[in-house]
Amino acid sequence: RSVWTDSRRRPKRSDGPVSVRTASLYARSDGWPWAMAALREAECSGSDNRAESALAAVRYRASRYFQEEMLADIDEDLDWFLTRSSVARELSIDDCDQVICRGRRGTAARMLRLAEKKSLLASGVGAGGVFRLHGWFREFLQERLATRAGADEIERLHLGFARAAATTGRF
């Protein structure tokens, strides 16, 4: 069975519509090859348990990749910034300056350093310098944030990004 996408990045199969489970897996994959392999496994297995096991194995490999490859040569400042930025779905320079850096400038330089180091940020989400993190990478960073920051800090970040989104009409 083959899986591919139509022009709107929705999954389709040659033998009919995809299952809800498969569509959910695809939505969580963001199109990454490892995740797509899990998606193919899920479609061919016919077993929800086997599909979830395949996805768990892929996510484990992805988190090892994030730790060992993508973050290996990131300095402490960029690590701190990335981990805190995982709270927001979309990252604008102004929002990050206000929420993460508490009113100090520096986000633009950090994002430029991140773009030069690795492809950690995807641009073009919207106009005005808005970036985003890949969904699984963002989840990985959120797990790190939960172990590194206190509940008060995480709540402050969530509230700050929510206020920023509401102020700019993105909420």
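1. C101 is buried, with a relative accessible area of 2%, where buried means under 20% relative accessible area, exposed over 50%, and partly exposed in between (1.4 Å probe, protein chains only). Its sulfur lies 7.2 Å from the closest cysteine sulfur, in C96, which is too far for a bond; C96 is itself buried, at 0% relative accessibility. With a disulfide taken as a pair of cysteine sulfur atoms within 2.5 Å, the count for the structure is 0.

2. On the basis of these values, the model is a predicted one, in which local features need pLDDT of at least 70 and side-chain atom pairs count only at pLDDT 80 or more, while totals for chains, interfaces and linings use all residues. Residues are numbered from 1 along each chain as its sequence is written, and side-chain values use heavy atoms, with hydrogens and water left out.

3. The protein has 8 helices and 5 strands, which are DSSP runs numbered from the N terminus (helices H or I, at least four residues; strands E, at least two). From the N terminus on, the order of elements is β-β-α-α-α-α-β-α-α-β-β-α-α. Of the contacts with a separation of 6 or more, 59% join residues 24 or more positions apart, a contact being heavy atoms within 4.5 Å. Buried residues make up 39% of the 171 residues.

4. The whole structure holds 7 salt bridges, each defined as a side-chain nitrogen of Lys or Arg within 4 Å of a carboxyl oxygen of Asp or Glu. One of them joins R64 and E68 at 2.7 Å, N to O; these residues are 4 apart in helix α3 (residues 48-70), and are therefore separated by about one helical turn. Both ends are partly exposed, R64 at 39% relative accessibility and E68 at 41%.

5. D77 is partly exposed, with a relative accessible area of 29%, whereas R110 is buried at 12%.

6. D79 and R144 also meet in a salt bridge, at 2.6 Å, N to O. D79 lies in helix α4 and R144 in helix α7 (residues 135-148), so the pair ties together parts that are 65 residues apart in sequence. D79 is buried at 16% relative accessible area, and R144 is buried at 9%.
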